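Hello,

Here is the structure I promised to pass on. Have a look at it first, and then read my notes below.

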Amino acid sequence: CSSLTKKPPLPTSNMVYHYKTGDARPELPAGEDALVLFESKFCPFCQRVVLALNQRGIPYQSVYINLSAKPEWFAEINPGGKVPVLMMGSQRLVDSLMICRYVDELPSGGVSEAQLCSNADAERLALAWLGEFFPPMHDLMTRPDEAPEKLEQVTAAMRQFGERLGPKPFIGGAQTVGLADLIAYPAVAIATGLAGVLDCPEPAASDTALAGWLAEMQAVKATSAATKPVEWGAFLKSLRAGNPDYSV
Ligand SMILES: N[C@@H](CCC(=O)N[C@@H](CS)C(=O)NCC(=O)O)C(=O)O
């Protein structure tokens, strides 16, 4: 299918403000039904939740947190200090997987979006495949000396991801996008942004099933709100330089 091998053009940057140390706490919407997502634009775990909320058409308000200089009041929101946190009135949920599953069970926001058909087997596959991305990607972001070897490992993980996807468009052999795909997409989007950071050729070979999956994912409505590979690239560059820039 030709649509599987075509890569859409990369959308441009969409800058947001990240609250930092010294900033006053923003006014939050009142009411037990209001959803507030504490997130960071450059957190792949938060991006999972953003994609799940958007795909389901559920309205929410984002509060972005600068993770290198967290605002003091964030300790009251999550004493563990991590994003994402989903707040619903007085209740709070932490951990992206728990939040994504919760979001998939919420009644639709009136836009009549279908549920994501969360499929535990597909989710397990996605997490196992991602397990091979995260260690070398973490090293690449924090240890500039080991770049070539680690990039090779990320490239191999991406190639394997494509091979495991097989001929069907989505993870687990599905014909439509599922929660597993939305959970996996942010980390893979980061991996595709790494080439720009390291000034290396792009690791995702355009002739693999992975390129097809990426094209399918970029055509999913929810991913238009996701952090773009070029933005990941710019942020990771600043992170590797020891000066994370949340304004890219
Ligand atoms: N297992 C958690 C991981 C969340 C996580 O590690 N978030 C990172 C950002 S990518 C964070 O908040 N780091 C700030 C800190 O630990 O101080 C999830 O899936 O939500």
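**Around the ligand**

In this predicted model, a polar side-chain atom of K70 lies 2.5 Å from an oxygen atom of the ligand. K82 also brings a polar side-chain atom to a ligand oxygen, at 3.1 Å. From V83 it is a backbone N or O atom that lies 2.9 Å from an oxygen atom of the ligand. The protein covers 70% of the 520 Å² of accessible area that the ligand has on its own. The residues surrounding the ligand include C43, P44, F45, L67, D95 and S96.

Two of those residues lead on to helix α3. D95 sits at the start of α3, where a side-chain oxygen of D95 reaches to within 3.1 Å of the backbone nitrogen of L97. S96 is one of the buried residues of α3 (residues 96–105), along with L97, I99, C100, V103 and D104.

The largest nonpolar core has 60 residues, and F133, M137, F161, I171, Y185, V188 and W213 have the most contacts inside it. Helix α7 (residues 179–198) gives the most to this core, with 14 residues. What does F161 touch, leaving aside residues up to four places away in sequence? Its partners are W129, F133, I171, A184, V188, L210 and W213. Another core, of 12 residues, lies apart from the largest one, and C43, V63, W73 and V85 are among its members.

Best wishes

Definitions and conventions: Residues numbered from 1 in each chain as written. Predicted model: local features only at pLDDT ≥ 70, side-chain atom pairs only at ≥ 80, totals over all residues. Heavy atoms only, no water. Core = buried A, V, L, I, M, F, W, Y, C linked by side-chain atoms within 4.5 Å. Buried < 20%, exposed > 50% of the residue type's maximum accessible area, 1.4 Å probe, protein only. Helix = DSSP H or I, 4+ residues; strand = E, 2+ residues; numbered from the N terminus. Contact = heavy atoms within 4.5 Å. Near = heavy atom within 4 Å. Polar contact = N/O pair within 3.5 Å; in protein donor to acceptor, adjacent residues only side chain to side chain. Areas by Shrake-Rupley, 256 points an atom, 1.4 Å probe, with all protein chains shown as cover.
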